[in-house]
Amino acid sequence: MKITGVEAIPFAIPYRKPLTFASGEVHVAEHVLVRVHTDDGVVGIAEAPPRPFTYGETQDGVVAVIRKIFAPQVIGLNLWQREVIHARLGRTVGNPVAKAAIDMAVWDALGRTLDIQVTELLGGYTDRMRVSHMLGFDEPAAMVAEAEKMRDVHGITTFKVKVGRRPVELDVAVVRALREALGEGAELYIDGNRGWTASESAAAMKQMADLNLLFAEELCPADDVLGRRWLVSHIDVPFIADESVPTPADVTREVLGGSATAISIKTARTGFTGSQRVHHLAEGLGLEVVMGNQIDSQLGSMCSVVFGAAYRLTSRRAGELSNFLDMSDDLLTEPLEICGGELTIRPGAGLGVDLDPDKLARYRQDI
Ligand code: MUC
Ligand code: MG
């Protein structure tokens, strides 16, 4: 049960199709694989997807902070001491995805040691989630074609549409085209990644008033404090805070300040231990919750569904679990499959997934 080593392995897998959104774009999954080793010979795994445009982390920075600061802080602790690990990692400011990956690899190692699924250790509410697919910027016809492919091949009927371009009519045209093509049965919501001002957001929401949106996410920056409060009080769908709420304290501040009425939980930034805190807080505050996507690979997507399926609140809405489909390859021995619009937990212990050593050798960047 004692942690004997923590590895941080940078890897890079190109996307078949880059994802573009208001705050950035991703062409290659330049992530960091984290492996936590124990004295029983157990190895827990997780990935850290650095997002410089969201949290300031880079692939090199994640590797360095894990090797130089975090690994020495957790080696020697045992797997049950997750709160000690959380506290020690918390001594360093920032670095959310590096901390989250260590936390989730520890939970995976614990599950494997006890021969229990992590989702059961967390809460065990269900074994699956409905899937929401995230559509990056493109022409309306191309975004409709992608949504139809996701519906026809994988049964997905919930879509998050990236918005935040100027003029706002560019994005309004996309959402209208999607609604017309997919019909009223599809769930549609939008994510602006802070691209618009509050008044642009309000104008866009007015133009989309007849399109039956489920949510609006981060349309304008939370730092535009008064404008955002004004916007949130004037729109009639839940307003999701995502990158503005990477910690429980941020959730409290944004929600009590009137700048959000729903939140995105991303295991990639809060791990399992931090996501539990955010989940419990959201439940207490009566917030809608969506399991978000940090443009995760299959390993990261499995972490999201493992957490999301563990609780009633997080499994109620479709989770953003499908963007790995755009990657040219992955690291797992058995690829994840989305069937009938759902992603199901794997039966094995821990996260229930294993790494393919040949694939890791092909994509790792450090040898
Ligand atoms: C999202 O929900 O914003 C895009 C940037 C990022 O950090 O996460 C993604 C998805
Ligand atoms: Mg978002």
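Predicted model: local features only at pLDDT ≥ 70, side-chain atom pairs only at ≥ 80, totals over all residues.
Colleague: How many residues apart in sequence are the parts tied together by the pair Glu217 and Asp242?

Modeller: Glu217 is buried, as is Asp242. Glu217 belongs to strand S7 (residues 216-217), whereas Asp242 sits in the loop between strand S8 (239-241) and helix H10 (248-256). The pair therefore ties together parts whose separation in sequence is 25 residues.

Colleague: What span should helix H4 have, and what is the distance between its end C-alpha atoms?

Modeller: Helix H4 covers residues 96-114, which is 19 residues. At 1.5 Å a residue the helix should span 27 Å, and this agrees with the distance between its end C-alpha atoms, 27 Å.

Colleague: Is H4 mostly covered or mostly uncovered, and how many of its residues are buried?

Modeller: Just after H4, Asp115 adopts a positive phi of about 60°. H4 itself is mostly covered, the number of buried residues among its 19 being 16.

Colleague: Which feature does UniProt place at residues 140-238?

Modeller: In the model, this span is 49% helix and 12% strand, and its end C-alpha atoms lie 25 Å apart. The UniProt record, an unreviewed entry, gives for these residues the feature "domain: Mandelate racemase/muconate lactonizing enzyme C-terminal".

Colleague: Which residues lie closest to the centre of the largest cavity?

Modeller: The structure holds 2 cavities of 30 Å³ or more, and the largest contains about 110 Å³ of space. Its lining comprises 5 nonpolar, 5 polar and 6 charged residues. Of the 16 lining residues, the closest to the centre are Phe21, Lys162, Asn193, Lys266 and Gln294.

Colleague: Which helix gives the most to the lining of the largest cavity?

Modeller: The contribution in question amounts to 3 residues. The helix that supplies them spans residues 52-55 and is H1.

Colleague: Which strand and which helix each supply at least two residues of the lining of the second largest cavity?

Modeller: The second largest cavity has a volume of about 30 Å³, and its lining has 4 nonpolar, 2 polar and 2 charged residues. Val245, Pro246, Ser264, Ile265, Lys266, Arg269, Thr270 and Val278 form this lining. The elements that each supply at least two residues are strand S9 (262-265) and helix H11 (267-270).

Technical notes
Residues numbered from 1 in each chain as written. Chains lettered and ligands numbered in written order. Heavy atoms only, no water. Helix = DSSP H or I, 4+ residues; strand = E, 2+ residues; numbered from the N terminus. Buried < 20%, exposed > 50% of the residue type's maximum accessible area, 1.4 Å probe, protein only. Expected span 1.5 Å × (residues − 1). UniProt positions renumbered as here; feature names shortened; annotations may be inferred. 1 Å grid on protein atoms, 1.4 Å probe; cavity = no way out; pocket = protein on both sides within 12 Å on 5 of 7 lines; lining within 4 Å. Points joined across faces, edges and corners; volume = space filled by probe spheres on them. Nonpolar A, V, L, I, M, F, W, Y, C, P; charged D, E, K, R; others polar.
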